[in-house]
Amino acid sequence: MPDTTSMKARLLAKIGDRSAVTAVIGLGYVGLPLAMEFCEAGFHVIGYDVTQRVVDLLMSGKSHIQDVPAAQVAAHVKSGKFVATTDESALSRADTVSIAVPTPLAKTRDPDMSYVIAAADAVARRAHPGMLIVLESTTYPGTTRDVMEPRLEKLGLVIGTDVFLAFSPERVDPGNPKWHTKNTPKVLGGITPACTEAAAALYGTCIDQIVRVSSPEAAELTKLLENTFRSVNIGLVNEMAIVCDRLGVDVWEVIDAAATKPFGFMKFTPGPGIGGHCIPLDPHYLAWKMRTLNYKTRFIDLASEINSAMPDLVVTKVARALNDDRKAVRGSRVLVLGVAYKKDIDDMRESPALDVIRLLEEHGAEVTYHDPHVAKYTEDGRSRVSVALTDDVLSAADAVVIVTDHSSVDYARLVAKTSLVIDTRNALAKTAKSRARIVSLTPTAPHA
Ligand SMILES: NC(=O)c1ccc[n+]([C@@H]2O[C@H](COP(=O)([O-])OP(=O)(O)OC[C@H]3O[C@@H](n4cnc5c(N)ncnc54)[C@H](O)[C@@H]3O)[C@@H](O)[C@H]2O)c1
């Protein structure tokens, strides 16, 4: 029978003097920055990932995540502080394990928990007394208690005395120059107060501010509230764009004017739809959980309905604009500008550009794309390559659709060289009008 007081005390001491070995499961957008922060804090870090390509890349001192410099990975690999591996047995050496594996949706829009379950099984095979386990993957409230806890208890380990279990949502915002893993406050909630204390001690070594909540469920729900808040507010401004379009009012002018209110208003902007691994998916984890409790989350469903209809609206705008030029969509050359889900990043998971391209092609358009951050991608088995934004490409296009407003694009040249631009992001607001006819999500007001 292990000495329970000393189990926690020993873990806290190891965290304190950095002799604890920390492990991160899943080395993607969330896990790799976290692993680097643990290294920076002075820990030895095991990065466990099932993808050999990712492990090989990291061990050769490269980075596949835009926000993590290769030099940082290379330095920690060279010093021996960071080891990436596909060998699950390495987890046996870990004192702490943070899990950051994907939580996608199944085709039915129900949670796909297979990655979390696989990671939980791996941890259970390697767990030992004195270990701290923190789930970071965004998931429905109850996951830590329902999926993680029984696997550890089955081993005869008592949570809060032998092992420590908590949930702490990741809030990483890819491409955000100001807020990153270290300076974004971290919410966490343990199964017991001792679990919260151990998790707070670990994350307190490398994250500026720790926010403790009373349970894993509160921490799980915090993340879902944050992302549902974004989804609902984006849904609201997208509906406002539809309203403004029907009323013949410039939605951007209205939003900018409303945003001058110093209190009680927060600015969100309309666009071609939502993307990324969070906003389109996370609210559905909550909606699913509530369905199991016989409650329908109406705000979530409505926002999702409006946001997922935006690519259709964009394609309707393209079709009408081509029609004004006496052209059919079928056979028209349409250049999609920007396929990443938001500006200045290379992540195109769930990007609305994929829907815009698919719908345009279903209507018979010949679609190409340019994205300074996405040189190529494969979707449904079909590979595409970004075309260079040459004068010839611009003048040959019947229409250019700005889906993502990357900063590095020369918009003045775009409007000078092409004939028709459908601007879904208000990217051309500050560009002097020249040759191109510009169609926005709503009519645009003349500048006051
Ligand atoms: N990307 C974001 O902006 C973001 C922000 C906040 C929270 N999250 C959440 O964090 C979690 C991870 O997201 P991500 O964007 O980092 O995912 P990702 O796809 O970038 O990375 C996940 C990694 O986990 C690995 N993996 C999958 N199954 C595994 C297993 N069983 N064992 C070990 N490794 C495994 C994959 O190979 C991959 O490298 C998700 O729940 C997501 O919702 C993501």
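I'll take the sheets, then a helix, the salt bridges and a surface patch. Keep in mind that this is a predicted model.

Start with the sheet that holds strand E1. What is its strand order? Read across, it goes E3-E2-E1-E4-E5-E6-E7-E8. That makes 8 strands in an open sheet, and the pairing is mixed. The edges are strand E3, residues 82-85, and strand E8, residues 210-212. Each of those two pairs on one side only. Neighbouring strands here are turned by 25° against each other on average, with direction ignored.

Zoom in on the E3 side. Strand E2 covers residues 44-48. E2 and E3 run parallel, joined by 4 bridges. For a landmark, find glycine 47: alanine 84 in E3 stands opposite.

On to charges. Side chains of opposite charge can pair when their charged atoms come close. How many salt bridges does the count give? The count comes to 26.

Pair one is aspartate 95 with lysine 14. The N to O distance is 2.8 Å. This pair links distant parts of the chain, 81 residues apart. Aspartate 95 sits in the loop between E3 and E4, and lysine 14 sits in helix H1, residues 4-16. Buried or exposed, for aspartate 95? Aspartate 95 has 7% relative accessibility, so it counts as buried. Lysine 14 is partly exposed, at 33%.

Pair two brings us back to H5. Glutamate 88 forms a salt bridge with arginine 125, and the closest N and O atoms are 2.8 Å apart. Glutamate 88 is in the loop between E3 and E4, while arginine 125 belongs to helix H5, so the pair ties together parts 37 residues apart in sequence. Their accessibility differs in class. Glutamate 88 is buried, with a relative accessible area of 12%. Arginine 125 is exposed, at 53%. Now bring in arginine 126. Glu88, Arg125 and Arg126 are linked in a network of salt bridges.

Pair three is aspartate 208 with lysine 182. Here the closest N and O atoms are 2.9 Å apart. Aspartate 208 lies in the loop between helix H7, residues 193-204, and E8; lysine 182 lies in the loop between strand E6, 164-167, and strand E7, 186-190. So this pair ties together parts that are 26 residues apart in sequence. Aspartate 208 counts as exposed, at 53% relative accessibility. Lysine 182 counts as partly exposed, at 36%.

Next, the surface. Which residues form the nonpolar patch? They are Met240, Val243, Leu247, Val249 and Val254. Together they have about 380 Å² of accessible area. Helix H8, residues 216-247, gives the largest share, with 3 residues. Valine 254 is found in helix H9, residues 251-258. Valine 254 has 37% relative accessibility, so it is partly exposed.

Last stop, another sheet. This one is open, with 5 strands in the order E10-E9-E13-E14-E15. The pairing is parallel. Strand E10, 366-370, and strand E15, 437-440, are the edges, each pairing on one side only. The twist averages 20° from one strand to the next.

Look at strand E13, residues 399-402, and strand E14, residues 420-423. They run parallel, with 3 bridges between them. Valine 400 stands opposite valine 421 in E14.

Both valines also turn up around leucine 414. Leucine 414 is in helix H14, residues 411-417. Its relative accessible area is 0%, so leucine 414 is buried. What does leucine 414 touch, leaving out residues up to four places away in sequence? The contacts are Leu337, Leu394, Val400, Ile402, Val421 and Leu428. One more distance: leucine 414 and threonine 431 are 17 residues apart in sequence, and 9.8 Å apart from C-alpha to C-alpha.

That's the tour. Over to you.

Notes. Residues are numbered from 1 along each chain as its sequence is written. This is a predicted model: local features need pLDDT of at least 70, side-chain atom pairs count only at pLDDT 80 or more; totals for chains, interfaces and linings use all residues. Side-chain values use heavy atoms; hydrogens and water are left out. Two strands pair if DSSP finds at least two bridges between them. Axes are lines fitted to C-alpha atoms, for helices over the stretch in contact, and angles run from 0 to 180 degrees between N-to-C directions. Patches are made of residues with over 30% relative accessible area and no salt bridge: like charges are joined within 9 Å, nonpolar side chains (Val, Leu, Ile, Met, Phe, Trp, Tyr) within 5 Å. Accessible areas come from the Shrake-Rupley method with a 1.4 Å probe; for residues, only the protein chains shown count as cover. A salt bridge is a side-chain nitrogen of Lys or Arg within 4 Å of a carboxyl oxygen of Asp or Glu. Buried means under 20% relative accessible area, exposed over 50%, partly exposed in between (1.4 Å probe, protein chains only). Contact means heavy atoms within 4.5 Å.
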